[in-house]
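Have a look at the sequence and the 3D model below. The report after it walks through a few of the features you can find there.

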Amino acid sequence: MSLIVQKFGGSSVADAESIKRVAKRIVETRKAGNSVVVAVSAMGDTTDELVDLAHEVTPFPDPRELDMLLTTGERISMALLAMAIKSMGVDARSYTGSQAGMITDAQHGAARIVDVTPVRLREALDEGAIAIVAGFQGFNRDSRDITTLGRGGSDTTAVALAAALGADVCEIYTDVDGVFTADPRVVPRAHKLDVVTSEEMLELAASGAKVLHIRAVEYARRHGVTMHVRSSFNNHEGTWVVNSKEETPWRSPSSPASPET
Ligand SMILES: Nc1ncnc2c1ncn2[C@@H]1O[C@H](COP(=O)(O)OP(=O)(O)O)[C@@H](O)[C@H]1O
Ligand SMILES: N[C@@H](CC(=O)OP(=O)(O)O)C(=O)O
């Protein structure tokens, strides 16, 4: 049995229909015989809307309270996703970052992960359940406060969970088919890369490829996590982010042998 971490970005869970579509995909991965942990982002533009709302209240929101506010976005999507999966007859449980054991430093808005203690996730997996974790958030032990990892931080949540749980692969689901030579929405001639090294991915991320959070790539490189960036809207093989080109990409059991077009 493989352990797969799947991350769904805000673009993949923008509305109720999308949440049901994503739930179906997660259930298929579970029914194929894998253990599944999911990291989910807030729906669509929820985080931007919450930031705007805070600035309507005050030009300088208190950093602790801003983190408290922003983490609510992921709570909404994780609970809805767990409900959708349960309605399909499969056990699923949602966890906030603190419940999932994402321990960070105290830097509100840009916290760094210092430890991951996924005790409750292991319990859920042992009982055959799918664990759904709120992305982009953690908990600081000293202040006992909730923190956020910075914008786009759910990729890092997924990679950190994959490393701590010893997952076989960390799948990053988004709204494009993988990592392209340039932003495919801006440069129509950009082409998809099948395999990139984490080194190459760091360069792409540094030059603005927001498809992956740079800290997630750094974390994956440090901990030897293999990532597969792919679309949640089709079953095409995406881009493998590997530590060295000698590494044979691990074929995801959730990828069909002959992908649909
Ligand atoms: N080099 C690139 N390859 C792929 N996508 C890119 C690249 N550069 C920028 N993007 C953009 O990144 C977007 C995906 O990131 P994001 O909107 O944060 O998704 P999510 O909500 O899934 O986290 C794509 O829609 C694409 O426009
Ligand atoms: N919701 C947070 C965290 C995140 O990673 O989102 P996304 O995966 O949609 O980029 C943000 O918008 O920054």
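The end C-alpha atoms of residues 3-231 lie 20 Å apart, and the span is 40% helix and 22% strand. Helices (H or I, at least four residues) and strands (E, at least two) are DSSP runs, numbered from the N terminus. An unreviewed UniProt entry lists residues 3-231 as "domain: Aspartate/glutamate/uridylate kinase"; UniProt annotations may be inferred rather than shown by experiment.

A quick word on the ground rules: this is a predicted model, where local features need pLDDT of at least 70, side-chain atom pairs count only at pLDDT 80 or more, and totals for chains, interfaces and linings use all residues. Residues are numbered from 1 along each chain as its sequence is written, while chains are lettered from A and ligands numbered from 1 in the order in which they are written.

Now for helix H6 (residues 198-206). Its buried residues are Ser198, Met201, Leu204 and Ala205. Seen down the axis of H6, they fall within an arc of 115°, so they line one face of the helix; the arc is that of the directions from the helix axis to the C-beta atoms. On the face turned away from that buried side sit the exposed residues Glu199, Glu203 and Ala206. "Buried" means that 20 or more other C-beta atoms lie within 10 Å of a residue's own, "exposed" means 12 or fewer, and "partly exposed" is in between, with C-beta atoms placed from the backbone. Strand S10 (195-197), helix H7 (214-223) and strand S12 (239-242) are among the elements covering the buried residues of H6.

What about the inside? The largest nonpolar core has 63 residues, and Val38, Leu81, Ile132, Val133, Val159 and Cys170 touch the most other members. Such a core is a set of buried Ala, Val, Leu, Ile, Met, Phe, Trp, Tyr and Cys residues joined through C-beta atoms within 7 Å. Leaving aside neighbours within four places in sequence, valine 133 has contacts (C-beta atoms within 7 Å, placed from the backbone) that include Val37, Met78, Tyr95 and Leu161.

Note on methods:
Two residues are in contact if their C-beta atoms, placed from the backbone, lie within 7 Å.
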